[in-house]
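Student: I have a model open and want to learn how to read it. Please take me through it feature by feature.

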Amino acid sequence: MNTFILIAVAIVFLLWVLGYFLFLRKPKAVAKADKNITESLKQLLLDNVSFYEALNSADKLRFEHKIAAFLEEVHIEGVGLKIEDLDRVLVASSAVIPVFGFDEWKYNNLTNVILYPDTFNNDFQFEGDENRNIMGMVGSGYMNGQMLLSRAALIRGFSKSSGKHNTGIHEFVHLLDESDGASDGVPENFLPHEYATPWLKMMHQEIDRIERGKSDIDAYAATNEAEFLAVVSEYFFEKPDQLKDKHPELYAQLSRMFAQNPAAE
């Protein structure tokens with residue numbers, strides 16, 4: 001009798017499993033195909049973005065998919081200029097480079113990027129010479145979700161003569177910093193909690209050296225912790241070998257933060 005019951009239970013269980021897989025289990029949604037960019041945009045990347053040029057074939061394709069996704073999600077418009085494909089490529093590259101180590105990252109705190117022909121002032125005026133020295137900024141208050149960039153500064157940041165500077169990357173790192181709710185130079189969404197205190201200590205030590213003229217990091221980094229992060233991130237992506245040689249501990253922390261190791265091995 002016990003054997004009969006066991007056999008019956010086993011048959012019922014098998015029928016339930018079969019029914020589950022045949023009728024109840026919902027098929028997985030088909031993954032949305034990665035979007036591709038045009039050949040002309042790929043050529044612009046090769047000609048103007050050294051970060052992309054240095055990638056292997058698989059990573060180039062991944063970079064292209066990220067570029068396409070960004071351009072689909074974020075609107076780019078011009079004030080006093082017509083937006084060209086090069087503008088789109090350089091804005092999108094500025095966004096993708098800092099988060100290239102993270103497959104699923106999206107800029108949820110950004111809807112529009114507004115390009116000005118050149119530097120502008122606090123009233124967003126770009127004509128005339130008085131107090132017109134802003135190359136980029138992340139909007140706040142009624143400008144929340146907006147980024148303003150100087151096209152001239154954006155293009156200069158991707159030129160061969162840019163040195164350690166890249167305005168586009170600088171501003172997108174500010175967005176990453178703010179993604180945890182505070183613009184404080186400690187991007188908690190990227191930096192494991194146990195490294196936050198050592199990072200703060202390292203920042204303040206380097207800011208002190210900058211203020212004493214003992215560092216090759218741009219003096220603007222000493223403005224505050226948020227600007228320090230943005231400035232050294234430019235250095236990290238534009239001159240990684242130099243940063244690793246002169247500031248190995250700083251390089252190691254940034255490499256951990258961005259999940260990237262751009263310096264040559």
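Student: Does E64 count as buried or exposed?

Tutor: Start with the idea. Buried means under 20% relative accessible area, exposed means over 50%, and partly exposed lies in between (1.4 Å probe, protein chains only). E64 has 6% relative accessibility, so E64 counts as buried.

Student: What should I know about the model itself?

Tutor: It is a predicted model: local features need pLDDT of at least 70, side-chain atom pairs count only at pLDDT 80 or more, and totals for chains, interfaces and linings use all residues. Residues are numbered from 1 along each chain as its sequence is written, and side-chain values use heavy atoms, with hydrogens and water left out.

Student: How many helices and strands does the chain have?

Tutor: Helices (H or I, at least four residues) and strands (E, at least two) are DSSP runs, numbered from the N terminus. Here the chain has eleven helices and four strands. Of its 265 residues, 42% are buried.

Student: Which side chain does E64 meet in a salt bridge?

Tutor: First the rule. A salt bridge is a side-chain nitrogen of Lys or Arg within 4 Å of a carboxyl oxygen of Asp or Glu. E64 pairs with K42 at 3.8 Å, N to O. This pair links distant parts of the chain: E64 sits in helix α4 (residues 57–73) and K42 in helix α2 (residues 39–48), 22 residues apart. By this rule the count comes to ten salt bridges.

Student: Which residues form salt bridges with R62?

Tutor: D59 is one of them, at 3.5 Å, N to O. R62 and D59 both lie in helix α4, three residues apart, about one turn of the helix. R62 is partly exposed at 27% relative accessible area, and D59 is partly exposed at 23%. D103 also meets R62, at 3.1 Å, N to O. That pair links distant parts of the chain, with D103 in the loop between α5 and β2 and R62 in helix α4, 41 residues apart. Elsewhere, salt bridges that share partners join E39, K42 and E64 into one network.

Student: Where is D103, and what does D103 touch?

Tutor: Contact means heavy atoms within 4.5 Å. D103 lies in the loop between α5 (85–96) and β2 (112–116). D103 touches R62 and K66, not counting residues up to four places away in sequence. The C-alpha atoms of D103 and R62 are 9.0 Å apart. With a relative accessible area of 54%, D103 is exposed.

Student: What share of contacts comes from residues 24 or more positions apart?

Tutor: Take the contacts in the chain with a separation of 6 or more. Residues 24 or more positions apart account for 61% of them.

Student: How far is E227 from the nearest side chain of opposite charge?

Tutor: For charge, Lys and Arg count as positive and Asp and Glu as negative; His and the chain ends are not counted. E227 is buried yet has no salt bridge, and the nearest side chain of opposite charge, R156, is 15 Å away. E227 lies in helix α9 (residues 225–238). Leaving aside neighbours within four places in sequence, E227 is in contact with H170, H174, Y220 and A221.

Student: Which residues touch the most other members of the largest nonpolar core?

Tutor: A nonpolar core is a set of buried Ala, Val, Leu, Ile, Met, Phe, Trp, Tyr and Cys residues joined through side-chain atoms within 4.5 Å. The largest has 64 residues, and F63, F172, W199 and L254 touch the most other members. Its largest share, seven residues, comes from α9. A second, separate core has six residues, including F120, I134, M143 and L148.

Student: At what angle do α8 and α9 pack?

Tutor: Axes are lines fitted to C-alpha atoms, for helices over the stretch in contact, and angles run from 0 to 180 degrees between N-to-C directions. Under 35 degrees counts as roughly parallel, over 145 as roughly antiparallel, 65 to 115 as roughly perpendicular, and the rest as oblique. Helix α8 (residues 196–211) and α9 pack at about 85°, with their axes 11 Å apart. That makes α8 roughly perpendicular to α9. W199, M203, H204, E206, I207 and I210 in α8 meet E225, F228, L229 and V232 in α9.

Student: What is the phi of A259?

Tutor: Most residues other than glycine have a negative phi. A259 has a positive phi of about 55° although it is not a glycine. A259 is in the segment after α11 (248–258), and counts as partly exposed at 42% relative accessibility.
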